[in-house]
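Subject: Structure handover

Hello,

I am passing this structure over to you. Please open it next to this email and follow along.

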Amino acid sequence: MKSRSEINHLIASELGAIENSEILKQAANLMTEPMKKSLEWEYGDNEIFDSWFIADLGERDVWVTYCEGGHGALGYPWGLVFKDSTQFGMDCGWYASLSELFAEWFG
């Protein structure tokens, strides 16, 4: 699992890739100090994976999370997860980049 420092560096890099200045501004306002949380892979043998919750989207208790292994066959590492959930949720809530996630969320 990446360290908090590595996650912060990754987040900064991902935010730097957001070209739309309005989306970047909105995204930056939602970021929080990364918090470790374990998620259960409910589509397999209920394996446990570590993740980092990085942004509170302020709506319906949805957070942005990063999981190194990603979700499913595509392995998208950036996901939308309910704060109190212990599971990954559906694959349609996972993205290849933070830029894609925020573009869809704010789009």
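**Ground rules**

This is a predicted model, in which local features need pLDDT of at least 70 and side-chain atom pairs count only at pLDDT 80 or more, while totals for chains, interfaces and linings use all residues. Residues are numbered from 1 along each chain as its sequence is written, and side-chain values use heavy atoms, with hydrogens and water left out.

**The sheet**

Helices and strands are DSSP runs, numbered from the N terminus (helices: H or I, at least four residues; strands: E, at least two). Two strands pair if DSSP finds at least two bridges between them.

Five strands make up an open sheet, in the order β1-β2-β3-β4-β5. Their pairing is antiparallel. At the edges are β1 (31–41) and β5 (94–95), each of which pairs on one side only. Strands β3 (residues 62–71) and β4 (residues 76–82) run antiparallel and are joined by 6 bridges. Start with Val64: its bridge partner in β4 is Leu80.

**Helices on the sheet**

Two terms are needed here. Contact means heavy atoms within 4.5 Å. Axes are lines fitted to C-alpha atoms, for helices over the stretch in contact; angles run from 0 to 180 degrees between N-to-C directions.

Helix α1 (residues 4–16) lies across β1, β2 (47–56), β3 and β4. It runs at about 105° to β1. Helix α2 (residues 21–30) also packs on the sheet, where it touches β1 and β2. The direction of α2 makes about 80° with that of β1.

**α2 against α3**

Two packed helices are described by the angle between their axes and the distance between the axes. For α2 and α3, the angle is about 100° and the axes are 10 Å apart. The two helices are therefore roughly perpendicular to each other. The cut-offs are 65 to 115 degrees for roughly perpendicular, under 35 for roughly parallel and over 145 for roughly antiparallel, with the rest oblique.

Which residues meet here? From α2 come Ile23, Gln26, Ala27 and Leu30; from α3 come Phe102, Ala103 and Phe106.

**One side of α3**

Buried means under 20% relative accessible area, exposed means over 50%, and partly exposed is in between (1.4 Å probe, protein chains only). The buried residues of α3 are Leu98, Leu101 and Phe102. They lie on the same side of α3 because they cover an arc of only 90° around the axis. The arc is that of the directions from the helix axis to the C-beta atoms. An α-helix has 3.6 residues a turn, so residues three or four places apart point the same way.

Trp105 is also in helix α3. It counts as partly exposed because its relative accessibility is 22%. Leaving out residues up to four places away in sequence, Trp105 touches Leu57, Glu59, Arg60, Val62 and Leu80. Trp105 and Ile23 are 82 residues apart along the chain, yet their C-alpha atoms are separated by 9.4 Å.

**Inside the sheet: Thr65**

Thr65 is found in strand β3. Is it buried or exposed? It is buried, with a relative accessible area of 0%. Apart from neighbours within four places in sequence, its contacts include Leu39, Trp52, Phe53, Trp78 and Trp94.

A polar contact is a pair of N or O atoms within 3.5 Å; within protein, one must be able to donate a hydrogen and the other to accept it, and residues adjacent in sequence count only if both atoms are side-chain atoms. The side chains of Thr65 and Ser51 form one at 3.3 Å.

**Loops**

- Ser97 sits between β5 and α3 (98–106). It counts as buried, at 16% relative accessibility. Its side chain reaches the backbone nitrogen of Glu100 at 3.0 Å. Ser97 also touches Glu14 and Trp78, not counting residues up to four places away in sequence.
- Thr86 lies in the loop between β4 and β5. It is partly exposed, at 46% relative accessibility. Beyond neighbours within four places in sequence, Thr86 is in contact with Ser38, Leu39 and Glu40.
- Asn46 is in the loop between β1 and β2. Its phi is near 55°, a positive value in a residue other than glycine.
- Arg60 is in the loop between β2 and β3. Its phi is near 55°, again positive in a residue other than glycine. Arg60 counts as exposed, at 57% relative accessibility.

Best wishes
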